[in-house]
Amino acid sequence: MKKKFTIFIAVIALLAIGFAILQSQIRPVEVAGYEIKETTYKEMISSVGSVEYEKEVEIKAEVSGMLKTVKGEVGDRIKAGDLVAKIDDSQARMELEELQTNSSVANARYQDYLKSYSQNEQSLYDQRVLQEKEIASLQLEKSQLLAKIEETKTLVNAGALPTKDLTNLHDQLDALELKIQAAEQKLESLRSSSLTDQELKTSIEVADAQINKQKLLLEKYTIRAPMEGIVMERLAEPGTFVQAGEVIMRLASDAQKYAVVDIDEKYLNYVQVGKEAQISTEAYPDQLAKGTIEWISPKVDKDSGTVQVKVKINEKTDLFLQNISVKVEFFGQVHDHAIVIPGDYLINEATPAVYIVDENGKAAKREIEIANKNAKNIMVLQGLSPGMVVLDPQKLEEGVKVNVTLSEESEKGQ
């Protein structure tokens, strides 16, 4: 008897569960709906793109060496002139000290020369006088020897003297010419001390030039930000060895931001430089910013049939980060008697579609043709007519019985 009672209870429970399931399938799903009415529609040409900053630079090492310091993490703001990195410059400083020592020696030599200048000049003058006298004596000896050579030549031709006497005289003349040449060279070297003065001055100038060059080189070991901006990427860390030309950091100037989008070429007549636009991010779709078209590409992408457009973001806000996805909208053509539905009622599929209420009060999928799927309010070109009710597709499946509550927008109309 007890066993039969247990079976009876189980059957009752199963029936209750089945009834509950049946009731849940029969019970209509509460869903928001939108009744379609004809309205005036200002077509919004929209496209999704990304944000670009005004300028991006690569901060590179100009000299090779060990990195001692790197300032700024990704996302940090750096001001123009701020220290970005420091490369070990100990060897370069030692070379500078050596050059400064060389310069000091060159200056000391020149000062010593200036102190003994008068004494040197008198000594050189006395030597020049003696040398000039020696040259004059040698020139007199030369003229006498030339006269003797002419006399001997005559006697040799007459047969009074042997030829070797004339040869000996010519050998004496050659030796005398060499002595005169050496004496004149020595005199030239004694003419003025200006050459010594210039040499010493040149050595000082060379030393100073080398010092200035080394100081300029030392400045390259300290790397500073060329502009104010945001650290986008940090590619080197302290303790690593970097080569000249190696990128240490990428810095982007956010003084001006741009939204870059691709517009279908069929909308080109609605897009002109200077025209206003409104821009929003996916994260904050209700926070709109104003923009102005600044540049339109002069060519159409043959694969996509689109034209790239750059829109200047006129408002200063932290919403628009580098590479963040944005939606840009431009006002296009005005349509009277248009059929318009909320953009979030569109089913996200390859072919645009919506849920409508069929004659049995159930959700039915209806494929439609639309003007622009990215707009907040979408104009339907084919597939819907006034009086129909489209359903909010959130958590809704086709064939489910629905109990529709018209949205406030539906009550007010577009």
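**Group meeting: cores, salt bridges and strand pairing**

Aspartate 89 is buried, at a relative accessible area of 8%; buried here means under 20%, exposed over 50%, and partly exposed in between, with a 1.4 Å probe and protein chains only. This is a predicted model, in which local features need pLDDT of at least 70 and side-chain atom pairs count only at pLDDT 80 or more, while totals for chains, interfaces and linings use all residues. Residues are numbered from 1 along each chain as its sequence is written, and side-chain values use heavy atoms, with hydrogens and water left out.

Back to aspartate 89. Its salt-bridge partner is lysine 86, with the closest N and O atoms 3.5 Å apart. The criterion for a salt bridge is a side-chain nitrogen of Lys or Arg within 4 Å of a carboxyl oxygen of Asp or Glu. By that rule there are eleven salt bridges.

Glutamate 150 and lysine 153 form a salt bridge at 3.9 Å, N to O. Both sit in helix 3, residues 117-158, three residues apart, or about one turn of the helix. Helices (H or I, at least four residues) and strands (E, at least two) are DSSP runs, numbered from the N terminus. Glutamate 150 is partly exposed at 47% relative accessible area, and lysine 153 is partly exposed at 34%.

Next, arginine 250 and glutamate 233 meet in a salt bridge at 2.7 Å, N to O. This pair links distant parts of the chain, with arginine 250 in strand 9 and glutamate 233 in strand 7 (residues 229-234), 17 residues apart. Arginine 250 is partly exposed at 22% relative accessibility, as is glutamate 233 at 34%.

Now the packing. A nonpolar core is a set of buried Ala, Val, Leu, Ile, Met, Phe, Trp, Tyr and Cys residues joined through side-chain atoms within 4.5 Å. The largest has 25 residues, of which Leu67, Ile87, Ile223, Ile248, Met249 and Leu251 touch the most other members. Elements that each supply at least two residues of this core include strand 3 (65-70), strand 5 (83-87), helix 5 (194-219) and strand 9 (247-264). Apart from that core lies another, of 21 residues, among them Val51, Ala259, Ala277 and Val311.

Leucine 67 has contacts, meaning heavy atoms within 4.5 Å. Not counting residues up to four places away in sequence, leucine 67 touches residues including Lys86, Ile87, Pro238, Val242 and Ile248.

On to the sheets, where two strands pair if DSSP finds at least two bridges between them. Threonine 69 has lysine 86 in strand 5 as its bridge partner.

Elsewhere, strand 1 (residues 29-35) runs parallel to strand 19 (residues 402-406), with five bridges. Valine 29 is partnered there with valine 402. Strand 1 also pairs with strand 18 (residues 389-391), antiparallel and over three bridges. Tyrosine 34 stands opposite valine 390 in strand 18.
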